[in-house]
Amino acid sequence: MLDPYKIRKDFPMFTNKIKMQGHDLIFLDNASTTYKPQCVIDAMNEYNTRVTSNSGRGDYDTMYANDQMLLEARTNIAKFINADPNEIVFTSGDTEALNLVAFGYFKSHLKVGDEILITFAEHASNTLPWFRLQKEIGCKVNFIPLTKEGRLTVENVEQSITSKTKVIAVANTTNVLGFHTDMKAICELAHKNGILVVCDGAQSVPHEKTDVKENSVDFLAFSGHKMFGPTGIGVLYGKKELLKETEPLIYGGGMNETFEMDGEYVLHPVPAKLEAGTHNIEGIYGLNAAVKYIQNIGIDNIREYEKELRKYAIEKMKEVKDIIIYNENAEAGIISFNIKGVFAQDLATLLNSKGIACRSGNHCAKNLKYQINEIATVRASFAIYNTKEDIDALVEALKQGGNFLDAYFA
Amino acid sequence: MPILLSPQMMRQVIMDHYDNPQYKKTPENPGNFEKVHMHSSNCIDDINVYALVEDGVVKEAYWDGVACTISTSSTDIMCGLVIGKSWDDAKYIIDQYHKMIHEEEYDESVLDEAIVFMNTSKQAARIKCASIGWDAMDEIICKHKHEK
């Protein structure tokens with residue numbers, strides 16, 4: 001079992017002893033973003049202090065070194081999800097990656113009446129692009145029913161498929177309820193029916209093994225900042241043949257071979273044609289360092305530890321009077337809850353007053369209210385630097401939930 | 001209103017307005033009212049604030065929608081405070097409230113129960129919740145004055 005106290009030494013947010021409201025900060029909002037280890041910061045500094053140059057135009061040594069580094073990063077990140085380097089497109093994050101799939105690929109491959117399947121539990125970034133496509137080209141977004149507890153099952157997917165279904169776009173792990181989806185089974189079913197599968201991996205890639213060859217997803221999106229990397233960098237994985245047919249959303253330098261006065265142009269092969277403009281180079285350095293950090297710890301060790309934390313948290317939280325836990329049986333280190341009679345953000349404010357960072361609200365999954373009959377929840381989400389003591393502190397604070405206005409008057 | 005309220009009394013005021021908001025309703029004749037819609041990106045607050053103005057005086061004020069404890073209570077108190085006031089007086093009250101929320105010097109004599117939110121800056125993430133209804137009324141007043 002990994003040692004979270006040893007891991008904390010890697011993170012300046014811990015070694016700097018950051019306080020919130022006079023308490024040592026307890027960060028339980030890791031589904032939102034994660035702390036950055038020193039190695040990630042160092043990698044970004046390496047670019048900014050030792051090899052600063054543009055990329056892809058290498059006429060001199062630092063630029064060449066930089067290009068080599070970007071290639072190494074692309075290769076390593078590809079290996080992390082068992083893809084080929086040319087199937088890795090750098091984006092600004094999961095959101096841009098999903099938008100690139102919707103508007104770059106599906107806008108030119110769907111027609112009026114075609115159906116897109118999503119769920120109530122999807123994040124805005126895996127909902128709104130499809131709603132927009134629905135408006136633009138007249139395809140139809142349908143919702144796959146979830147089980148009563150909020151889980152997506154292959155049976156429900158199967159029942160939702162019609163002859164018009166062309167794409168299934170779902171999260172591997174949902175961001176509010178943390179249920180895990182069997183992507184391999186969904187892909188098998190989808191592909192048998194000629195349907196493509198888009199996987200939102202924002203909450204799964206940082207926490208569990210992802211193998212795109214094994215599960216056979218057609219597209220996969222994820223963000224760097226939820227996996228100890230910097231903000232502003234993310235990845236779209238796509239099967240090579242599909243990326244080839246994906247139209248760029250942004251045109252400019254670095255993505256074209258030639259263009260002429262007559263308006264004709266030739267674009268680079270993928271992934272370059274989908275990465276116009278100067279890359280977020282320091283972001284790529286940082287993401288690569290984050291991936292290596294995870295590889296060193298071992299993704300399976302991360303998964304095991306977070307499972308253990310979740311089990312402990314559920315046991316302890318159930319002791320809190322009037323608590324409602326919405327996802328007791330979920331797999332991910334995400335727990336969504338409320339205390340009866342206390343509005344979610346008031347509870348989050350009470351936690352803030354105790355130095356505990358939790359998220360409240362609808363967590364960008366605004367359709368989930370139809371599933372759990374609650375407009376807002378508090379969400380605690382774990383990472384490898386969280387400890388059982390963090391959970392004890394959370395539980396102690398929750399026991400005072402009924403006195404939530406203490407946050408203002410204590 | 002005593003000058004010094006105990007924390008317990010302040011809590012009670014907030015909870016009373018949360019449990020039994022006096023002005024939370026949609027007017028029967030909303031067309032006669034000035035209305036501003038407010039939506040918070042960091043809380044669930046999604047409210048409409050209504051004001052009926054005659055002869056430069058706020059005759060009626062209401063609000064409706066979904067709101068957390070802090071925004072429910074603060075918006076409800078705001079409605080009670082501006083009713084019967086001229087635009088200028090209502091504007092003065094709102095300005096004093098904003099000053100209080102942002103820890104500037106303010107005239108507490110006009111704020112009555114609204115001073116229960118004096119500690120909001122301790123929980124900075126909630127300033128928006130404590131202000132959302134007040135911002136809406138401010139917008140109505142500014143728009144009205146501009147039109148005049």
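Chain B has four helices and three strands. Helices (H or I, at least four residues) and strands (E, at least two) are DSSP runs, numbered from the N terminus. Before going on, the conventions: this is a predicted model, where local features need pLDDT of at least 70 and side-chain atom pairs count only at pLDDT 80 or more, while totals for chains, interfaces and linings use all residues. Residues are numbered from 1 along each chain as its sequence is written, and chains are lettered from A and ligands numbered from 1 in the order in which they are written.

Along the sequence, the pattern of chain B is α-β-β-β-α-α-α. Its radius of gyration is 14 Å, close to the 15 Å that the globule rule gives for 148 residues, so chain B is as compact as a globular protein of that length. That radius is taken over C-alpha atoms, and the globule rule is 2.2 Å times the number of residues to the power 0.38. The C-alpha trace of chain B spans about 40 × 30 × 25 Å along its principal axes.

How much of chain B is buried? Of its 148 residues, 41% count as buried. A residue is buried if 20 or more other C-beta atoms lie within 10 Å of its own, exposed if 12 or fewer, and partly exposed in between, with C-beta atoms placed from the backbone. As for contacts, meaning that the C-beta atoms of two residues, placed from the backbone, lie within 7 Å: among those in chain B between residues at least 6 apart in sequence, 59% join residues at least 24 apart.

Now the interface. In chain B, 16 residues are in contact with 13 residues of chain A. On the chain B side, the elements giving two or more residues are helix H1 (7–19) and helix H2 (69–82) of chain B. H1(B) gives the most, with four residues. By class, that side has nine nonpolar, four polar and three charged residues. Ala, Val, Leu, Ile, Met, Phe, Trp, Tyr, Cys and Pro count as nonpolar, Asp, Glu, Lys and Arg as charged, and the others, Gly among them, as polar.

Next, chain A. It has an open sheet of seven strands in the order E4-E10-E9-E8-E7-E5-E6, with mixed pairing. Two strands pair if DSSP finds at least two bridges between them. The edge strands, each pairing on one side only, are strand E4 (88–91) and strand E6 (140–143) of chain A. From one strand to the next, the twist averages 20°.

A:Thr91 stands opposite A:Gly234 in E10(A). Axes are lines fitted to C-alpha atoms, for helices over the stretch in contact, and angles run from 0 to 180 degrees between N-to-C directions.

Last, the backbone. Which peptide bond is cis? The one from A:Val270 to A:Pro271, with omega near 5°. A:Pro271 is in the loop between strand E12 (265–267) and helix H11 (281–297) of chain A. A:Lys17, not a glycine, has a positive phi near 50°, and A:Lys17 is exposed, with 9 other C-beta atoms within 10 Å.
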